[in-house]
Amino acid sequence: LKINKGNIEFQNVSFVYPKTDDAAIKNINVAIDGGSTAALVGHSGAGKSTIINLIPRFYDPNEGKVLIDNQNINSISLSSLRKNISMVSQDIILFDDTIRANIAYAKLDATNDEISKACDFAAASEFIESLPQSYETTIGENGIRLSGGQKQRISIARAVLKNSPIILLDEATSSLDSDSEEKVQNAIMNLTKNKTTLVIAHRLSTCLLYTSDAADDSLRV
């Protein structure tokens with residue numbers, strides 16, 4: 001995959017999940033400009049997650065095609081596609097390892113300085129440095145020793161470290177309390193600056209918080 005602007009386009013895309021007859025999405029045509037933020041807002045079951053999951057090819061469309069900078073993603077390797085995509089969702093996968101190792105999973109050769117800077121951007125440094133073993137703290141299976149907001153910020157730090165040109169946000173703040181949500185939203189604004197970003201939410205108000213100026217045209221819904 002050769003990234004130029006990071007434009008994403010769906011052309012007449014339809015998808016039916018296995019063992020079902022009804023289409024999750026049908027004849028979808030969407031064009032997202034590179035470097036902009038676009039939001040998919042709607043009720044559960046409307047097809048929002050289906051659309052976002054087609055971009056990293058968790059599924060392939062039954063009809064139509066998905067293009068990134070005019071390249072059909074079905075014609076390129078999965079590794080090169082996913083190298084250019086970061087996904088932050090409400091369901092975070094963390095390992096029973098140190099905080100440092102969990103963040104470095106995005107870039108295995110990352111230096112300590114790179115990891116520290118990623119945590120600064122993700123508003124995670126303060127709580128990490130307050131832990132008894134700081135970055136060497138083991139967080140337990142799936143991060144069981146961390147709060148929801150802390151796990152989310154670890155996930156964002158991982159995405160910051162990866163520094164991919166395309167960001168996918170799937171209900172990234174839906175399960176957080178108000179204090180954690182504010183910190184995570186600020187971290188997401190740092191993450192998505194000048195990146196092609198696709199946001200999923202149930203409420204439009206949530207999406208507006210992911211752009212620094214909700215009054216301009218940087219957010220398309």
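Tutor: Start with a definition. Patches are made of residues with over 30% relative accessible area and no salt bridge; like charges are joined within 9 Å, nonpolar side chains (Val, Leu, Ile, Met, Phe, Trp, Tyr) within 5 Å. A salt bridge is a side-chain nitrogen of Lys or Arg within 4 Å of a carboxyl oxygen of Asp or Glu. Areas are from the Shrake-Rupley method with a 1.4 Å probe, and for residues only the protein chains shown count as cover.

Tutor: Two notes on the source. This is a predicted model: local features need pLDDT of at least 70, side-chain atom pairs count only at pLDDT 80 or more, and totals for chains, interfaces and linings use all residues. Residues are numbered from 1 along each chain as its sequence is written, and side-chain values use heavy atoms, with hydrogens and water left out.

Student: Which residues form the nonpolar patch on the surface?

Tutor: I93, F95, Y105 and L108, with about 470 Å² of accessible area together.

Student: Why does F95 count as partly exposed?

Tutor: Buried means under 20% relative accessible area, exposed over 50%, partly exposed in between (1.4 Å probe, protein chains only). F95 has 34%, so it counts as partly exposed. Its place is in the loop between β6 (85–89) and α3. Helices (H or I, at least four residues) and strands (E, at least two) are DSSP runs, numbered from the N terminus.

Student: What makes the pair of Y17 and Y59 edge-to-face?

Tutor: Rings of Phe, Tyr and Trp (its six-membered ring) pair if their centres lie within 6.5 Å; planes under 30 degrees apart count as stacked, over 60 as edge-to-face and the rest as tilted. The centres of Y17 and Y59 are 5.3 Å apart and the planes stand at 85°, so the pair is edge-to-face.

Student: And why is the pair of F15 and Y59 called tilted?

Tutor: The centres are 5.2 Å apart, with 50° between the planes. F15 lies in strand β1 (residues 8–15) and Y59 in the loop between α1 (48–54) and β4 (63–68), so the pair ties together parts 44 residues apart in sequence. F15, Y17 and Y59 form one aromatic cluster.

Student: Is F15 buried or exposed?

Tutor: Its relative accessible area is 3%, so F15 is buried.

Student: How do you know that the buried residues of α4 line one face?

Tutor: I115, A118 and C119 are buried in α4 (residues 112–121). Down the axis they fall within an arc of 100°, so they line one face. The arc is that of the directions from the helix axis to the C-beta atoms.
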